[in-house]
Amino acid sequence: MAEFTAKGANILVVDDDDDIREIVHILLAREGFTVREAANAEQALRQLDPMPDLVILDVMMPGLSGIELCREIRTRAMMPILFLSAKTRDVDKAEGLASGGDDYLIKPFSALELTSRVKALLRRSMVYQPQAVAVPQTVQSGELSIDLATGAATLA
């Protein structure tokens, strides 16, 4: 199987720490991703159009927390969300995942682990997601035909 590539995938990095945003930006851009940045939840919400392919969220931010932002994003879209946080307790990780996060990585992090997790999340969302199933608009049985949209039945 060929290695998955999501080069050009659009990633939104939300962290109030300028240095962390810069490091993550450099690491992901080096892998061929398009990276947008936000320093807080309000900036991030303004950058959801167009929707990113993946969001990386810090948990502890001024104003709306990453947990609250994750919940808000989930009301709008279902792209993968990776928490990147200094909060290390199991209960913190569980809260992040329960709020709608797909993965949780603790700071400090390794460049290899971050990029590997991003690629894995993108692979799951872009390659392995179930294909849409075509739903018939009418059902036919012998001479009986039922229009599923309207409920109208006709006998031929």
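Entry 1: I started at Gln 140, which stands opposite Ser 145 in β7. Before going on, I noted that this is a predicted model, where local features need pLDDT of at least 70 and side-chain atom pairs count only at pLDDT 80 or more, while totals for chains, interfaces and linings use all residues. I also noted that residues are numbered from 1 along each chain as its sequence is written, and that side-chain values use heavy atoms, with hydrogens and water left out.

Strands β6 (residues 138–141) and β7 (residues 144–147) pair in the antiparallel sense over four bridges. My terms here: strands (E, at least two residues) and helices (H or I, at least four) are DSSP runs numbered from the N terminus, and two strands pair if DSSP finds at least two bridges between them. Two residues sit between the strands of this hairpin, and Gly 142 takes a positive phi near 60 degrees.

**Entry 2: Leu 144.** I found Leu 144 in strand β7. Leaving aside residues up to four places away in sequence, Leu 144 touches Val 139, Ala 153, Thr 154 and Leu 155; contact means heavy atoms within 4.5 Å. I also looked up Pro 80: its C-alpha atom is separated by 45 Å from that of Leu 144, and the two residues are 64 apart along the chain.

**Entry 3: the open sheet.** Next I traced an open sheet of five strands, in the order β2-β1-β3-β4-β5, with parallel pairing. Strands β2 (34–38) and β5 (103–106) stand at the edges with a single partner strand each, so one side of each has no neighbour in the sheet. From one strand to the next, the twist averages 20 degrees. For angles, axes are lines fitted to C-alpha atoms (for helices, over the stretch in contact), and values run from 0 to 180 degrees between N-to-C directions.

Five bridges join β1 to β2, and Leu 12 stands opposite Arg 36 in β2. Helix α1 lies across β1, β2, β3 and β4, at about 170 degrees to β2. Helix α3 packs on the sheet too, touching β1, β3 and β4, and its direction makes about 175 degrees with that of β4.

**Entry 4: one face of α3.** Which residues of α3 (residues 66–74) are buried? I listed Gly 66, Ile 67, Leu 69, Cys 70, Ile 73 and Arg 74.

**Entry 5: the cores.** A nonpolar core is a set of buried Ala, Val, Leu, Ile, Met, Phe, Trp, Tyr and Cys residues joined through side-chain atoms within 4.5 Å. The largest has 20 residues, and those touching the most other members include Ile 11, Phe 33 and Ile 56. At least two residues of this core come from each of β1, α1 (18–30), β3, β4 and α5 (111–126). A second, separate core of 19 residues includes Leu 12, Val 55, Cys 70 and Ile 73.

How values were computed
Buried means under 20% relative accessible area, exposed over 50%, partly exposed in between (1.4 Å probe, protein chains only).
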